[in-house]
Amino acid sequence: MDKVPCLLSVVGQSVQVITATDSYNRMNSMSSNRHQLQCRISHTLWAALESEQSRTGDSIEHIVERALANELDLKHHSLFQVSTTSALVEGVFDGCTRVHDLKCHGDFGVGTFEGLDGEMVMLDGVCYQIRAGGTAHEVVDSTPVPFATITRFVADQHFRVDQVGSFEELLSQIDRRRPSDNLFAAFRVEGCFENVSLRAACKAAPGEKLVDAIEHQSEFSATQEIGTLVGFWAPLYAKSIGVPGYHFHFINASGKFGGHVFDLSAKELQVGMHVETDIHLAIPETQQFMAANLSADPSSALERAEKDTHREQGPG
Ligand SMILES: [Zn+2]
């Protein structure tokens with residue numbers, strides 16, 4: 001008699017392999033936008049899965065997610081960059097694409113909205129707008145976007161970081177895991193943040209450039225927030241296109257609070273790293289973009305916009 005196939009069940013962000021007599025009903029509160037997959041697989045496949053798990057130390061959920069993304073030809077190592085930092089620094093804030101188009105290219109990312117109207121976080125395919133004081137809400141798909149960095153996030157590697165006293169400490173721990181300064185990478189960092197210091201860009205006046213618009217940004221902080229950091233590393237050579245170095249935005253578990261990250265602390269965080277191997281640059285065809293002078297190096301303006309010594313330099 002044939003053996004009963006294994007039952008593979010993916011629940012939220014955890015995976016359980018269960019038999020007919022097992023039961024499961026738990027759902028990670030932070031993964032409400034994720035789906036549950038349940039199917040039977042052969043013992044041969046199951047043995048191969050277990051072998052891959054012990055070889056890589058990765059969870060079965062992550063192995064399954066990677067394998068599915070590859071099989072279904074989801075371009076999960078492709079970065080979708082809308083507009084450029086050189087344009088953002090020059091005040092090119094007119095929308096050139098919409099949230100719907102971003103979702104066609106990924107489910108994870110950061111950016112800003114038309115007129116520099118707040119910070120953008122996309123997490124698990126839900127796009128949030130964060131305004132003054134950190135108030136966040138989900139936006140409709142027709143919302144115009146002038147600048148964003150989006151990917152389809154499937155972690156290549158997971159690791160835990162402990163006793164994170166500052167944003168700098170988190171970044172230096174992430175540094176040790178990044179394969180190269182010359183590759184783009186995305187990071188999903190989850191946990192309970194003892195403290196998180198944030199900002200939200202506030203709508204720019206007509207004609208205002210980034211450095212001036214950031215003068216009236218909203219800065220705020222929170223304690224004991226459970227949530228997720230959505231962020232990227234971009235190589236220095238890409239400074240006219242993406243934000244060089246690290247750039248992180250935060251959204252809390254309820255999706256009601258977030259911002260562009262200045263500083264943080266946490267006892268323990270889970271980090272997923274996703275290395276990008278190609279870029280799709282969407283060049284705006286707006287009148288404003290076409291008329292802008294984009295010949296200047298945006299680096300110093302990005303640093304001034306940041307107004308502090310943090311290693312990440314974030315305009316949106
Ligand atoms: Zn930002």
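Reader: How many bridges join β8 to β9?
Author: This is a predicted model, in which local features need a pLDDT of at least 70 and side-chain atom pairs count only at pLDDT 80 or more, while totals for chains, interfaces and linings use all residues. Residues are numbered from 1 along each chain as its sequence is written, and strands (E, at least two residues) and helices (H or I, at least four) are DSSP runs numbered from the N terminus. Tyr128 stands opposite Glu138 in β9, and the two strands, which run antiparallel, are joined by a number of bridges that comes to three.

Reader: Which strands are at the edges of the open sheet of seven strands?
Author: Two strands pair if DSSP finds at least two bridges between them, and the sheet has mixed pairing in the order β9-β8-β7-β6-β11-β4-β17. An edge strand pairs on one side only, and this holds for residues 136-138 and 278-282, which are β9 and β17.

Reader: Why is strand β15 described as largely enclosed by the rest of the structure?
Author: A residue is buried if 20 or more other C-beta atoms lie within 10 Å of its own, exposed if 12 or fewer, and partly exposed in between, with C-beta atoms placed from the backbone. Strand β15 pairs with β14 in the antiparallel sense over eight bridges, and three bridges join β15 to β16, also antiparallel. The strand is largely enclosed because, of its eight residues, the number buried is eight.

Reader: Which residue in the turn of the hairpin formed by β15 and β16 has a positive phi?
Author: His249 has His260 in β16 as its bridge partner, and five residues lie between the two strands of the hairpin. In that turn, a positive phi of about 75° is found at Gly255.

Reader: How far apart are the end C-alpha atoms of helix α1?
Author: The expected span of a helix is 1.5 Å times one less than its number of residues, so the 14 residues of α1 (residues 43-56) should span 20 Å. Just after α1, Gly57 takes a positive phi of about 75°.
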